[in-house]
Amino acid sequence: MKLLPVAPLLLLLLTALEARPKPAALKCRTGPLDIVFVIDSSRSVRPFEFETMRRFMTDIISSLDVGPNATRVGVIQYSSQVQNIFSLKTFFTQADMERAINSIVPLAQGTMTGLAIQYAMNVAFSTQEGARPLHKGIPRIAIVVTDGRPQDRVTEVAAQARNAGIEIYAVGIQRADMSSLRAMASLPLEEHVFLVESFELIQQFAKQFQDKLCGVDTCVEREHGCQHSCVSTPGSFYCECNPGYRLNVDGKTCSPIDACADGRHGCQHHCVSVRGSYSCRCRPGYYLSHNKRSCIMIDYCSFGNHSCQHECVSIPNGHYCRCRSGFTLQPDSKSCRATDLCNGVDHGCEFKCVSTDGSYHCVCPEGQQLQADGKTCSKCGAGHVDLVMVIDGSKSVRPQNFELVKQFVNRIVDLLEVSPHGTRVGLVQYSSRVRTEFPLNKYHSADEIKKAVMDVEYMEKGTMTGLALKHMVEHSFSELEGARPLSHNIPRIGLVFTDGRSQDDISEWARRAKESGIVMFAVGVGKAVEEELRAIASEPVEQHFSYSADFTTMTHLVENFSLNICPEEGKGETEIRSPCECEALVQFQTNTVAILQSLTEKIAQMTARLEDLEKQIANKK
């Protein structure tokens with residue numbers, strides 16, 4: 001074909017073409033195709049030439065049976081860059097496609113044809129952009145329309161596109177380079193390369209291309225056997241099912257889709273499959289919420305007929321009555337009666353809770369007075385000590401129990417008056433190794449210590465109690481770590497907590513600890529070995545070791561510890577006595593004597609009155 005160099009002739013022919021009557025378009029019914037037009041809009045394409053490309057595309061599209069299950073069409077334009085006009089999934093009517101094509105604004109830059117083919121292969125023909133999967137056998141056709149020589153390489157990228165299953169038609173207009181067209185197109189070249197010299201030939205090519213695409217409708221010409229619908233492809237066909245159904249392995253019959261089977265329905269209770277869709281249902285006693293997936297329990301208490309004295313609790317298919325804390329539900333299952341509040345509420349008593357009818361009060365051990373808050377007891381104020389607690393962080397303790405151990409430590413701290421010149425507290429954790437969590441001179445208030453205790457991280461691993469005792473003797477009670485000199489007569493107290501048998505020998509360092517003047521307390525829980533606890537504890541052993549069967553009941557050990565930790569006031573001795581300073585004991589004894597004297601006086605008065613009554617009765621006789 002001969003190129004026409006005179007551009008005005010193109011404009012004249014375009015005008016004539018517009019004036020021609022348009023024959024009724026014939027639809028191609030062969031089967032679905034995925035077609036992408038790759039249009040050159042470089043600066044060498046004059047405006048009236050670009051109009052020719054628009055007409056070329058709309059003429060081709062007008063002959064196609066377009067739709068989501070028929071032929072899909074996409075358009076990209078390129079110059080020095082690539083622009084997606086619309087993808088294969090954007091439009092499914094010829095009118096929408098034609099409007100989009102007529103609104104294209106040419107880029108008017110370079111001619112990067114290879115870049116455009118690369119984009120078509122990687123993006124335009126991707127399933128994300130609407131291309132049907134390759135296994136469906138729907139042809140992928142790229143129609144490249146250009147007017148000049150590419151400014152990049154096209155041979156390799158075109159070969160890659162063809163190997164990826166894309167059939168390429170190369171259409172050159174006037175100034176197009178034939179060798180580049182041949183490098184792009186699929187084989188046979190005589191059926192895929194077109195060099196267009198005039199508008200008449202453009203129309204002729206469009207007709208040829210339409211004839212090539214259109215062939216025998218295999219769904220009509222053959223006995224396809226599809227249960228629902230048949231889709232033609234060039235030389236073949238495949239079956240499709242209606243929405244809500246899936247194709248069976250025979251490739252022809254269809255079965256309803258169980259939309260509940262994949263587990264993605266989101267129904268809280270039950271999923272009911274209905275022809276490819278589903279609906280959610282609730283169990284008895286529940287109703288479906290507004291989101292049509294979650295279920296809300298019916299509030300039977302809201303009906304107002306429960307007759308519960310205190311609280312009504314809804315359950316599926318009914319309700320039950322519940323009493324407030326400190327009360328017990330009666331046999332009628334509706335009314336409530338007060339119970340032992342000490343077992344029913346968080347009373348907060350430091351030492352002991354005593355229940356009364358519908359109430360309770362706190363009491364303290366002998367020698368200690370109840371504080372103004374009505375819950376805590378007076379603490380050891382005059383007896384200052386250096387206390388190091390050595391806690392077991394082995395694997396057998398387990399994380400949840402280790403938290404209870406930390407609470408146990410803080411309960412002990414609550415018994416003490418912590419200050420730089422008063423009681424000092426240090427903490428050591430051990431497992432297969434030993435770690436000082438904080439030394440005696442680290443913190444100077446109970447709040448600081450308790451916060452540091454709660455921040456301690458669980459070590460896990462083994463149980464090297466002997467190693468921990470050695471660390472305590474050599475480091476924890478050193479003046480470098482805050483222990484006061486022995487000459488100050490400040491008692492040194494070591495508290496060892498363990499839940500099992502030591503994996504090393506404890507006897508030597510337990511002995512050295514006591515020989516160095518440290519008063520040793522041993523606290524065991526669970527599988528702790530009594531023999532080891534006794535070896536650690538100071539004399540008298542019974543006052544210096546305690547045991548609890550499990551972690552949840554070990555809080556009573558705090559009471560035992562508080563009765564033995566306070567040293568006798570003013571003597572600087574390590575003898576342990578109960579409960580605190582001498583003044584408190586004297587005051588307690590004084591109060592007790594006063595109460596006994598008052599009681600004795602009342603008994604004497606009652607005796608005198610009884611004697612008078614007896615005399616009056618005798619006189620009457």
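This is a predicted model: local features need pLDDT of at least 70, side-chain atom pairs count only at pLDDT 80 or more; totals for chains, interfaces and linings use all residues.
The structure holds nine disulfides, among them Cys226–Cys239, Cys323–Cys336 and Cys349–Cys362.

**Helix α12**

- Helix α12 spans residues 446–454, and Ile449, Ala452 and Val453 are buried in it.
- These three residues lie on the same side of α12, because they cover an arc of only 100 degrees around the axis.
- An α-helix has 3.6 residues a turn, so residues three or four places apart point the same way.
- The elements that cover the buried residues of α12 include helix α11 (399–413) and the strands β22 (424–430) and β23 (434–438).

**Packing of α2 with α3**

- Helix α2 (residues 47–62) packs with helix α3 (residues 94–102) at an angle of about 175 degrees, and their axes are 10 Å apart.
- The two helices are therefore roughly antiparallel to each other, since an angle over 145 degrees counts as such.
- On the α2 side, the contact is made by Arg54, Met57, Thr58, Ile61 and Ser62.
- On the α3 side, Gln94, Met97, Glu98, Ile101 and Asn102 make the contact.
- Four of the residues in the contact of α2 with α3 are nonpolar, four are polar and two are charged.

**Glu156 in helix α5**

- Glu156 belongs to helix α5, which covers residues 155–163.
- The relative accessible area of Glu156 is 58%, so this residue is exposed, the cut-off being over 50%.
- Glu156 and Gln118 are 38 residues apart along the chain, and their C-alpha atoms are separated by 9.9 Å.

**Disulfide Cys226–Cys239**

- The sulfur atoms of Cys226 and Cys239 are 1.8 Å apart, and the two residues form a disulfide.
- This link is left-handed, with -75 degrees about the S-S bond.
- The pair links distant parts of the chain, 13 residues apart: Cys226 is in the loop between α9 (218–221) and β7 (229–233), and Cys239 is in strand β8 (residues 236–240).
- Cys226 counts as buried because its relative accessibility is 10%, and Cys239 is likewise buried, with a relative accessible area of 6%.

**Disulfide Cys323–Cys336**

- Cys323 and Cys336 form a disulfide in which the sulfur atoms are 2.0 Å apart.
- The torsion about the S-S bond of Cys323 and Cys336 is about -90 degrees, so this disulfide is left-handed.
- Distant parts of the chain, 13 residues apart, are linked by this pair: Cys323 is in the loop between β16 (318–322) and β17 (327–329), whereas Cys336 is in strand β18 (residues 336–338).
- Cys323 counts as buried at 14% relative accessibility, and Cys336 counts as buried at 12%.

**Disulfide Cys349–Cys362**

- A disulfide is formed by Cys349 and Cys362, with their sulfur atoms 1.9 Å apart.
- With -75 degrees about the S-S bond, the Cys349–Cys362 link is left-handed.
- The pair links distant parts of the chain, 13 residues apart, with Cys349 in the loop between α10 (341–344) and β19 (352–356) and Cys362 in strand β20 (residues 359–363).
- Cys349 and Cys362 are both buried.

Notes: Residues are numbered from 1 along each chain as its sequence is written. Side-chain values use heavy atoms; hydrogens and water are left out. Buried means under 20% relative accessible area, exposed over 50%, partly exposed in between (1.4 Å probe, protein chains only). Helices (H or I, at least four residues) and strands (E, at least two) are DSSP runs, numbered from the N terminus. The arc is that of the directions from the helix axis to the C-beta atoms. Contact means heavy atoms within 4.5 Å. Axes are lines fitted to C-alpha atoms, for helices over the stretch in contact, and angles run from 0 to 180 degrees between N-to-C directions. Angles under 35 degrees count as roughly parallel, over 145 as roughly antiparallel, 65 to 115 as roughly perpendicular and the rest as oblique. Ala, Val, Leu, Ile, Met, Phe, Trp, Tyr, Cys and Pro count as nonpolar, Asp, Glu, Lys and Arg as charged, and the others, Gly among them, as polar. A disulfide is a pair of cysteine sulfur atoms within 2.5 Å.
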